Amino acid sequence: MLTKRVIPCLDVRSGRVTKGVKFKNNIDLGDPVEMAVRYSDGGADELVFYDITASAERRPIDIGMVESVAKAIRIPFAVGGGISCVADMERVILAGAEKISVNSLAVRNPGIIAEGAKAFGRQCIVLGMDPVKSENPACPSGYEITTRGFREFTGMDAVEWAKRAADLGAGEIVVNSVDADGTRAGFELTITKMIADSVGVPVVASGGAGRPEHLVTVFRDADADAAIVAGMIHTGDYTIAQIKDVMHASGVPTRITF
């Protein structure tokens with residue numbers, strides 16, 4: 001069985017790491033480079049950096065911040081937010097990132113997934129999605145895709161969008177539940193498993209992690225390949241080592257580096 005990955009997420013706004021609940025009421029948590037180094041040295045398998053207001057503000061990603069983080073860490077690094085074309089993807093890769101995450105852009109222009117996969121390989125292209133529970137009849141799975149930081153409802157079914165993105169060339173899909181985001185009450189297992197069962201690429205669970213046991217549950221019950229953590233480690237309640245200790249004790253395969 002492949003090892004399960006633990007991925008800290010740095011949501012960055014105005015050059016600082018921030019965290020909210022369901023995309024609202026964000027608070028300042030610290031310097032992105034310092035936090036990235038701490039997690040890289042602490043046993044994280046990868047890191048993800050989101051410039052969370054770039055798309056909503058329709059501006060480019062902060063390349064300088066990407067370069068600074070990439071130079072400071074020793075683990076794979078994914079970047080999202082403010083990417084509008086293949087040229088932007090190239091700039092992010094040249095700045096030191098291994099993966100590019102597209103979300104709102106891919107909804108507006110699905111062809112960007114195929115273009116990116118052709119240019120850099122599908123292993124570099126990550127589809128980020130922000131699904132929310134919905135009674136929209138156009139969404140038979142019961143989950144609708146939102147964009148621009150949960151500002152716009154698209155009428156797109158989450159499972160169908162995941163399948164289409166994988167067919168277009170996405171090498172990984174991050175399922176960030178809007179309903180669970182920042183609640184620390186556990187991952188949204190239903191939509192995570194629905195997508196994991198529907199696509200042939202790795203699925204990353206995101207939104208809701210509050211205790212190490214939540215990761216064990218999403219790996220066992222929702223077939224996630226990786227899990228993103230944020231608030232539970234940013235606040236110092238848990239370390240990566242403590243999370244992996246619980247995973248290991250529960251029989252979940254993980255990379256132990258300490």
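The report below takes the cavity and then the helix pair.

## Basis

The model is predicted.

## The cavity

Rolling a probe the size of a water molecule over the atoms shows where empty space is left. In this structure, one cavity of 30 Å³ or more is present. The volume of the largest cavity is about 70 Å³.

Its lining is made up of 13 residues. Nearest the centre of the largest cavity are Ile 7, Val 48, Ala 78, Glu 172 and Val 174. Three strands, S4 (47-51), S6 (99-102) and S10 (172-176), each contribute at least two lining residues. The most comes from S4, which gives three residues. Sorted by class, the lining has nine nonpolar residues, three charged residues and one polar residue.

## The helix pair H3 and H5

Two packed helices are described by the angle between their axes and the distance between the axes. Helix H3 covers residues 86-94 and helix H5 covers residues 111-120. Their axes come within 10 Å and cross at roughly 45°. Angles under 35 degrees count as roughly parallel and those from 65 to 115 as roughly perpendicular, so H3 and H5 are oblique to each other. The crossing of H3 and H5 is right-handed.

On the H3 side, the contact involves Val 86, Met 89, Glu 90 and Ile 93. These meet Ile 112, Glu 115, Gly 116, Ala 119 and Phe 120 in H5. By class, the residues of the contact of H3 with H5 are six nonpolar, two charged and one polar.

Key
Residues numbered from 1 in each chain as written. Predicted model: local features only at pLDDT ≥ 70, side-chain atom pairs only at ≥ 80, totals over all residues. Heavy atoms only, no water. 1 Å grid on protein atoms, 1.4 Å probe; cavity = no way out; pocket = protein on both sides within 12 Å on 5 of 7 lines; lining within 4 Å. Points joined across faces, edges and corners; volume = space filled by probe spheres on them. Helix = DSSP H or I, 4+ residues; strand = E, 2+ residues; numbered from the N terminus. Nonpolar A, V, L, I, M, F, W, Y, C, P; charged D, E, K, R; others polar. Axes fitted to C-alpha atoms, helices over the stretch in contact; angles between N-to-C directions. Parallel < 35°, antiparallel > 145°, perpendicular 65-115°, else oblique. Left-handed = near helix turned anticlockwise from the far one by under 90°. Contact = heavy atoms within 4.5 Å.
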